[in-house]
Amino acid sequence: MTSTFPSISISTERLVLRPLDEDDVPALAEMMNDEQVTAWTSVPQPFTTESARAWITEYAPAARTSGRGLDLAVTEFLTQRLVGVIQLGRTNWHVRSTELSYIIAPWARGEGYASEAALATAQWLFTDQKLERIELRTAADNTASQQVAQKIGCISEGVLRGACIARVRADDGTWSEARTDFIVWSLLPEDIEGAGEHLTESGGYPSYSDWN
């Protein structure tokens, strides 16, 4: 029998991670059309409101109920505004592993929200869902995303050569595809011991743009 993720909400000091809902459509569409999201993710461009609604009402529920993954809206606790998305995919319930990715909206970068949300998700996965491995993949030139992986305790395992297609914007505004490498990171339960304290000791949540 295939396991599935529950429909849950995860709270941190500053954030609430919850299921996406239709009220998120405008902000999700705006976030996904950001230039840096275009460059480092495979989301279709332009990302329309219809695309956002389909993700929320069709793709995300299907991924959860099938056991493949989970999509969570990252929202600010105080303002309730959407500031990002955490996505779990390629989940293997026999191996007890999943792949984690994150996107932070341009209006919320520099606040350390990616590391805060990713660490909270990892703690929940290891504690409540009894997973044993989380994997992240970052494009070789995406140093901001690599910083997030390092901040939450991930270990770099190696390079998948030529496995990533990034997008590069030309001077005339058009986009072209460029092949690059993926850096593979892993996170095991013992890796996050003290990770929260490390973030606090380093000044809370560091300022850098974060997306994956």
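This is a predicted model: local features need pLDDT of at least 70, side-chain atom pairs count only at pLDDT 80 or more; totals for chains, interfaces and linings use all residues.

Author: Gladly! Residues are numbered from 1 along each chain as its sequence is written, and side-chain values use heavy atoms, leaving out hydrogens and water. The labels E and H stand for strands (E, at least two residues) and helices (H or I, at least four residues), which are DSSP runs numbered from the N terminus.

The part I have picked is the sheet. Eight strands make up this open sheet, in the order E1-E2-E3-E4-E5-E6-E8-E7, and the pairing is mixed. At the edges are E1 (10-11) and E7 (155-169), each of which pairs on one side only. Two strands are said to pair if DSSP finds at least two bridges between them.

Let us start with E3 (70-76). How many of the residues of E3 are buried? Seven of the seven are, so the rest of the structure largely encloses this strand. Leu70, Leu72, Val74 and Glu76 point one way from E3, while Asp71, Ala73 and Thr75 point the other way, and all of them are buried.

Now look to either side of E3. E2 pairs with E3 in the antiparallel sense over five bridges, and leucine 17 stands opposite valine 74 in E3. E3 and E4 also run antiparallel, joined by six bridges. Here valine 74 is involved again, standing opposite glycine 84 in E4.

Between E3 and E4 there is a hairpin with five residues between the strands. Glutamine 80 lies in that loop, between E3 (70-76) and E4 (82-92). Its phi is near 65°, a positive value in a residue other than glycine. Is glutamine 80 buried or exposed? Glutamine 80 counts as exposed because its relative accessibility is 63%.

Follow the chain into E4, where you will find arginine 90. Arginine 90 also has a positive phi, near 50°, without being a glycine. Because its relative accessibility is 60%, arginine 90 counts as exposed.

E4 and E5 have four residues between them, and arginine 96 in the turn takes a positive phi of about 65°. The two strands pair in the antiparallel sense over seven bridges, with leucine 88 opposite leucine 100 in E5.

What about the cover over E5 (residues 97-104)? E5 is mostly covered, with eight of its eight residues buried. From E5, Ser97, Glu99, Ser101 and Ile103 point one way and Thr98, Leu100, Tyr102 and Ile104 the other, and all are buried.

The next pairing shows the other sense. E5 and E6 (residues 133-139) run parallel and are joined by three bridges; serine 97 has arginine 133 in E6 as its bridge partner. Further along the sheet, E7 and E8 (residues 175-187) run antiparallel with eleven bridges between them. There, arginine 167 stands opposite glutamate 177 in E8.

Helices complete the picture. H4 (residues 113-127) packs on the sheet and touches E1, E2 (15-19), E3, E4, E5, E6 and E8, where contact means heavy atoms within 4.5 Å. The direction of H4 makes about 160° with that of E5; axes here are lines fitted to C-alpha atoms, for helices over the stretch in contact, and angles between N-to-C directions run from 0 to 180 degrees.

H5 (residues 143-151) has as its buried residues Ala144, Ser145, Gln146, Val148 and Ala149. The cover over these residues includes E5, H4, E6 and E8. Just after H5, glycine 153 takes a positive phi of about 100°.

Methods:
Buried means under 20% relative accessible area, exposed over 50%, partly exposed in between (1.4 Å probe, protein chains only).
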